Amino acid sequence: MKFTDGFWHTRPGVEALYAQDVRDLAIDGDELVAWASTRVVERRGDTLNRPMLTVSLASPAEGVIRVRVEHHQGGRRDPGFAIESDAAYRPAIFVDDDGGVVDAGSLRARVRRGAPWELSFEGGGTGDGPTYTTSGHKSVGYLQLAPGAPVAAEPAGVAGITTTGLAPASAYLHTQLSLGVGELVYGLGERFGPLVKNGQTVDIWNADGGTSSEQAYKNVPFYLTNRGYGVLVNHAGHVSFEVGSEAVEQVQFSVAGESLEYFVIAGPTPADVLDRYTRLTGRPARVPEWSYGLWLSTSFTTDYDEATVNAFIDGMAERDIPLEVFHFDCFWMREFHWTDFEWDPAVFPDPEGMLARLHARGLRVSAWLNPYLAQRSRLFREGAERGYLVRRPDGSVWQWDFWQAGMALVDFTNPEATSWFQEHVRTLLGQGVDAIKTDFGERVPIDVVWHDGSDPEAMHHRYTDLYNRAVFEVLEEVRGPGEAVLFARSATAGGQSMPVHWGGDNSSSFTSMAESLRGGLSLAFSGFGYWSHDIGGFEGDPDPAVFKRWLAFGMLSSHSRLHGSTSYRVPWAFDDGTEAPGQSAVEVARRFAKLKASLRPYLVAAGEEAHSTGRPMMRPMQLEFPGDPAVAQLDRQYLLGPALLVAPVFSAAGDVEYYLPHGRWTNWFTREVVEGGGWRREVHGFDTLPLWVREGAVVPVVGEDGSTGEFRA
């Protein structure tokens, strides 16, 4: 939301009241509380007829400081996210004539007494640490809006239009935190635009917009910067970020209502920030070893039955392409019946037998689900009668006809509804399904009433968490911890604890391949340890060059799935095998699937690191080389685990430009050893891409016969 018209003025219809004068400070239990008037108080009468803002600071864990800004404390407070505090931790808090300090070890917050308002966050430790960021004059504001005030993401004058579809509220709170010279911002969820968020307006609001839009399936109100700290806005509803956009020297975040809470999280490195952040919001769970193998899907609207499935599996085996998981997308259920958990008897008359036969071939099975019940589903009437479906304020079931005719939503705030849904998931697993693709979860209305009385705006994001958690809990119960794996599309803060997530609906082009990677790197900066994407693109029919380049990229991602919309993604569908040796889609798929299979021990170790520290398997260059200014803007390459640098090729001709950081690097394919610290331009066939091993790395590998070895750089 943009509230100002340049440096001096507010937009029409906006009244801005800022924290200006800290009149008093006190220690209240484990909190430092500052009372700030919204004008400088020069005489007694200045305290009358003006709002006051109450700012409280506390520390839930070492290196983390919580700030809460409140106008009217009796208002309804957004529930925020589940925060894992360190119950045994106690920060040092003191107040003196100059102000107050919360000392959380590696992070200190100082509040200045008097005017102007000044709150600073500094690195801790011995001596004076660096100042990470500050909240200064006019940075903490209570903003009242007249009807029609033009504060949306669109240009001033386009009143009442927002990227979220939410009408502007009557009052907002915002905070601005300073940006230093050269400071760059990363994160805010899986966003497909530029990896560096400076200059952008970002609305935290889950939407089903595809990868080629400003919308995102996984919105996370958390960012980190190359200055060595991160910020989580603890608000489950809509959060609007202006990242060096409205005020180019600041990151501004605003929420509707009477309170705003955020956490500042110390580094000093990006990896340290992610470690502390995932301690607060949840570590990525372990995933089973088999999940790192190749997944093959039926695709979405294609025709298929058991014979089709077997033909695909036979085709992969005949062509010596390792396959680990077979996925059944939507139409394993009958049309107009999604979701009813019943296999379509016309094409799968013996589902238990079929799944047993797939298991006998050494395969795992994944099945598609969503939390929406079509009116024709047998579960719709049952859910409506029992009060398990989301309702409108008038008591009627909320329904619409997008996606599925007459669809309704399971109300996961109702424990009985959750148990009811979970029992159907448990039955599906009992039939032989090993993993669940939890699709959707973004199309959650706000003109509804929830069973537990939850705030509808906050439930727009909490819904995906409750939905995925309901399924993940059953997977852990039935398969055991470390053996549960989702393939989820929607998420928010904390969703990383229920992996795996994939990038959503991309298109079959090199530009979409690149935007998919940007989304994955952005999500990695948001605390998610694992990530996948539809190899070849979801929408459209990829030409052979796109498909083959994407195969190499996809097999060198944490998780790898062949999936499309209206066409199959089996490799032999993309060329006739008359290409030069090693250049056909089948040969490329075989080469990179076997490469990934050989890396299984390395991938498992990288996954364990993601689970124990929050450091993602697919690592942005800025995360791994924070001291190298040359990597600041890079978004077309990454590290897979700690040692493998991958630069996907985004062209049919095979030309690629990438950067090797300082140090010695060994080419995986040729064993060439080079010194880094510069840019490289190369041309690759479809059977290679830039894949380099970091100096000093020992990469464990496993042969096709099960023998073990090492690649030493």
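**View A. Strands β7 and β21 side by side.** In this predicted model, strand β7 (residues 64-70) runs antiparallel to β21, with seven bridges between them. To get your bearings, pick out Ile65, which stands opposite Val264 in β21. Strand β18 (residues 229-233) also pairs with β21, again in the antiparallel sense, through five bridges. Here the residue to look for is Val233, which sits opposite Tyr262 of β21.

**View B. Is strand β21 mostly covered or mostly open?** Covered: β21 (residues 259-266) has eight of its eight residues buried. That goes for both faces, with Ser259, Glu261, Phe263 and Ile265 on one side and Leu260, Tyr262, Val264 and Ala266 on the other.

View D. Trp368 and Trp403 make another tilted pair, at 6.2 Å centre to centre and 45° between the planes. Trp368 sits in strand β24 (residues 364-369), while Trp403 is in the loop between α4 (378-386) and β26 (408-409), so this pair links parts 35 residues apart in sequence. Trp368 is buried, at 0% relative accessibility, whereas Trp403 is partly exposed, with a relative accessible area of 25%. Both Trp residues belong to a cluster linked by ring pairs, along with Phe300, Phe331, Trp338, Tyr372, Phe440 and Phe538.

**View E. Charges over rings.** Lys138 lies over the face of Phe7, 5.9 Å from the ring centre. In a second example, Arg561 lies over the face of Trp502, at 4.9 Å from the ring centre.

**View F. Inside the largest nonpolar core.** This core has 169 residues, and those with the most contacts inside it are Phe328, Trp332, Leu556, Trp668 and Val699. Helix α6 (residues 456-479) gives the most to it, with nine residues. Zoom in on Trp668 and you'll find it touching residues beyond four places away in sequence, including Leu595, Leu644, Val699 and Phe711. Another core lies apart from this one and has 48 residues, among them Val55, Leu188, Val243 and Val251.

Terms used: Residues numbered from 1 in each chain as written. Predicted model: local features only at pLDDT ≥ 70, side-chain atom pairs only at ≥ 80, totals over all residues. Heavy atoms only, no water. Phe/Tyr/Trp six-rings, centres within 6.5 Å; stacked < 30°, edge-to-face > 60°. Helix = DSSP H or I, 4+ residues; strand = E, 2+ residues; numbered from the N terminus. Buried < 20%, exposed > 50% of the residue type's maximum accessible area, 1.4 Å probe, protein only. Lys NZ or Arg CZ within 6 Å of the ring centre and 35° of its normal. Core = buried A, V, L, I, M, F, W, Y, C linked by side-chain atoms within 4.5 Å. Contact = heavy atoms within 4.5 Å. Pairing = 2+ DSSP bridges.
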